[in-house]
Amino acid sequence: MNSLQKKKILEIRELSVSFRQYADKRGSRQTSLPVISKLSVSVGEGEIVAVVGSSGSGKSLLAHAILDLLPYNASVSGSMYFQGEPLDKARIRALRGNQIAFVPQSTTYLDPLMPVGGQVSRTRKDKEKKEKQRKIFQRYGLGPEVDGRYPFECSGGMTRRVLLATALMGDPKLIIADEPTPGMDLALAKKSMEDFRAFADEGNGVLLITHDIELALETADRIAVFYAGMTVEEAPVADFASEETLRHPYTKALWRAMPQNGFQPLPGFQPYVKDMPKGCPFGPRCSGYSKGCQGEISMRRVGNGSVRCAAYRDGMSGSAAGQADESANPRAWAEAEAPGA
Ligand SMILES: Nc1ncnc2c1ncn2[C@@H]1O[C@H](COP(=O)(O)OP(=O)(O)OP(=O)(O)O)[C@@H](O)[C@H]1O
Ligand SMILES: [Mg+2]
């Protein structure tokens with residue numbers, strides 16, 4: 001069954017997020033800072049979908065928008081659906097922590113005034129829940145002495161394991177995990193991915209947000225690639241077997257930056273929202289950039305995936321480019337944007 005036929009648990013279409021900010025020091029004028037402009041991603045039953053992209057590409061904001069955790073000055077547009085029904089604020093609040101579990105990137109999400117064991121089991125009396133919590137803690141190397149510790153008594157890596165345990169504790173339909181593995185050793189990181197796989201195989205979904213493209217390729221079924229607040233490509237993991245089967249110049253550059261594919265760093269920087277070029281935000285780093293890339297570019301379905309690239313034609317994107325013509329790119333090799341960095 002391909003991704004189109006799978007019953008969708010989560011569907012996000014062209015999500016935009018902007019922040020109202022004061023434009024001057026006197027606070028007399030406000031402007032709107034559009035940090036995410038076109039994010040689309042979906043998760044089907046039985047699927048792990050990884051969201052990859054460099055720092056600042058909008059990965060956490062996507063999670064926070066889905067869970068209605070954005071600050072008060074944020075405005076959100078676009079469509080969000082959970083199990084086919086629109087996600088509005090009331091519905092999100094009802095689903096959050098129940099049908100939708102969240103593993104946040106920041107370890108400050110735990111209640112500082114409550115021991116971590118109780119925060120995960122959410123009970124003092126229910127023996128079954130307490131046993132389940134202990135079992136998950138044990139699986140992640142958290143001994144019985146950790147149950148009574150307050151968050152400030154836990155190391156960063158321990159806190160991350162506690163947060164992961166929170167998501168595995170309930171009976172959700174979807175887990176949104178925002179960088180769940182930093183601070184974990186390889187064996188624990190692998191264990192957590194096995195747990196996500198087992199969870200998805202029961203007909204559930206996982207949205208796995210990560211910097212680590214190798215981890216994503218080992219674990220996920222599909223990959224959504226974000227760049228400067230946009231989804232630029234969405235592809236089944238199998239398409240990452242070679243550069244030719246990928247669609248967007250940025251995804252191809254990420255592929256070439258992997259150690260097994262030549263470790264070639266990508267020159268230039270991801271633009272900050274205030275310096276966004278017209279049209280494709282990857283344009284200044286892409287030697288296939290032309291006038292045709294400067295307008296609105298919509299996401300196009302190509303094979304089992306989709307791409308947002310005006311230069312994409314019959315299997316050739318603007319980037320055969322990025323690789324062959326680095327000297328033509330005016331930006332220096334300033335940023336070694338290797339995945340996993
Ligand atoms: N409250 C805010 N006000 C203004 N801009 C913000 C706010 N929160 C995030 N941003 C901006 O939105 C962009 C996306 O941020 P986000 O945290 O989603 O990135 P990310 O992809 O999760 O990065 P990382 O990999 O470092 O976690 C960044 O440019 C960030 O500076
Ligand atoms: Mg983040």
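Which residues does Leu-208 touch, not counting residues up to four places away in sequence? The answer opens the first of these close-up views of a predicted model.

**View 1. Leu-208 in the largest nonpolar core.** Leu-208 touches Ile-48, Val-49, Ala-50, Ala-177, Phe-196, Ala-216, Thr-219 and Ala-220, leaving out residues up to four places away in sequence. The largest nonpolar core has 86 residues. Ile-175, Ile-176, Leu-207 and Leu-208 touch the most other members. Helix 5 gives the most to this core, with seven residues. In soluble globular proteins, nonpolar side chains tend to be buried together.

**View 2. Ala-50 in strand 3.** Ala-50 sits in strand 3, which covers residues 48-52. Ala-50 counts as buried because it has 25 C-beta neighbours inside 10 Å, and the cut-off for burial is 20 or more. Not counting residues up to four places away in sequence, Ala-50 touches Leu-208, Thr-210, Ala-216, Thr-219, Ala-220 and Ile-223. Leu-110 is 60 residues from Ala-50 along the chain. The C-alpha atoms of these two residues are separated by 24 Å.

**View 3. Helix 5 and its surroundings.** Helix 5 (156-169) has 14 residues. From first C-alpha to last it reaches 20 Å, close to the 20 Å expected at 1.5 Å a residue. Eleven of its 14 residues are buried, so helix 5 is largely enclosed by the rest of the structure. The buried residues run from Met-158 through Thr-159, Arg-160, Arg-161, Val-162, Leu-163, Leu-164, Ala-165, Thr-166 and Ala-167 to Leu-168. They pack against strand 6 (100-103), helix 3, helix 4, strand 7 and helix 6.

View 4. Helix 4 spans residues 127-139 and has 13 residues. It reaches 18 Å from its first C-alpha to its last, close to the 18 Å expected at 1.5 Å a residue. Gln-133, Ile-136 and Phe-137 are buried in this helix. Seen down the axis of helix 4, the buried residues fall within an arc of 100 degrees, so they line one face. An α-helix has 3.6 residues a turn, so residues three or four places apart point the same way. The face turned away from the buried side carries the exposed residues Lys-127, Glu-128, Glu-131, Lys-135 and Gln-138. Helix 3 (116-121) and helix 5 are among the elements that cover the buried residues of helix 4. Just after helix 4, Gly-141 takes a positive phi of about 70 degrees.

**View 5. The shell around ligand 1.** Ligand 1 is surrounded by 15 residues. The closest are Val-35, Ser-55, Lys-59, Ser-60 and Leu-61. Strand 2 (30-44) and helix 1 are the elements that give two or more residues to this shell. Helix 1 gives the most, with three residues. By class, the shell has six nonpolar, eight polar and one charged residues.

View 6. Helix 1 (59-66) is mostly covered, with seven of its eight residues buried. Those seven are Lys-59, Leu-61, Leu-62, Ala-63, His-64, Ala-65 and Ile-66. Asp-68 follows helix 1. Asp-68 lies in the loop between helix 1 and strand 4 (74-82). Its phi is positive, about 55 degrees, although Asp-68 is not a glycine. Asp-68 is partly exposed, with 18 other C-beta atoms within 10 Å.

**View 7. Glu-179 between strand 7 and helix 6.** Glu-179 is placed in the loop between strand 7 (174-178) and helix 6 (186-201). Though not a glycine, Glu-179 has a positive phi of about 50 degrees. Glu-179 is partly exposed, with 19 other C-beta atoms within 10 Å.

**View 8. Phe-226 in strand 9.** Phe-226 lies in strand 9, residues 222-227. Phe-226 is buried, with 26 other C-beta atoms within 10 Å. Neighbours within four places in sequence aside, Phe-226 is in contact with Leu-39, Val-51, Gly-53, Ser-57, Gly-58, Lys-59 and Thr-231. Leu-174 is 52 residues from Phe-226 along the chain, and their C-alpha atoms are separated by 21 Å.

Conventions: Residues are numbered from 1 along each chain as its sequence is written. Chains are lettered from A and ligands numbered from 1 in the order in which they are written. This is a predicted model: local features need pLDDT of at least 70, side-chain atom pairs count only at pLDDT 80 or more; totals for chains, interfaces and linings use all residues. Helices (H or I, at least four residues) and strands (E, at least two) are DSSP runs, numbered from the N terminus. The expected span of a helix is 1.5 Å times one less than its number of residues. A residue is buried if 20 or more other C-beta atoms lie within 10 Å of its own, exposed if 12 or fewer, and partly exposed in between; C-beta atoms are placed from the backbone. The arc is that of the directions from the helix axis to the C-beta atoms. Two residues are in contact if their C-beta atoms, placed from the backbone, lie within 7 Å. A residue is near a molecule or strand if its C-beta atom, placed from the backbone, lies within 6 Å of it. Ala, Val, Leu, Ile, Met, Phe, Trp, Tyr, Cys and Pro count as nonpolar, Asp, Glu, Lys and Arg as charged, and the others, Gly among them, as polar. A nonpolar core is a set of buried Ala, Val, Leu, Ile, Met, Phe, Trp, Tyr and Cys residues joined through C-beta atoms within 7 Å.
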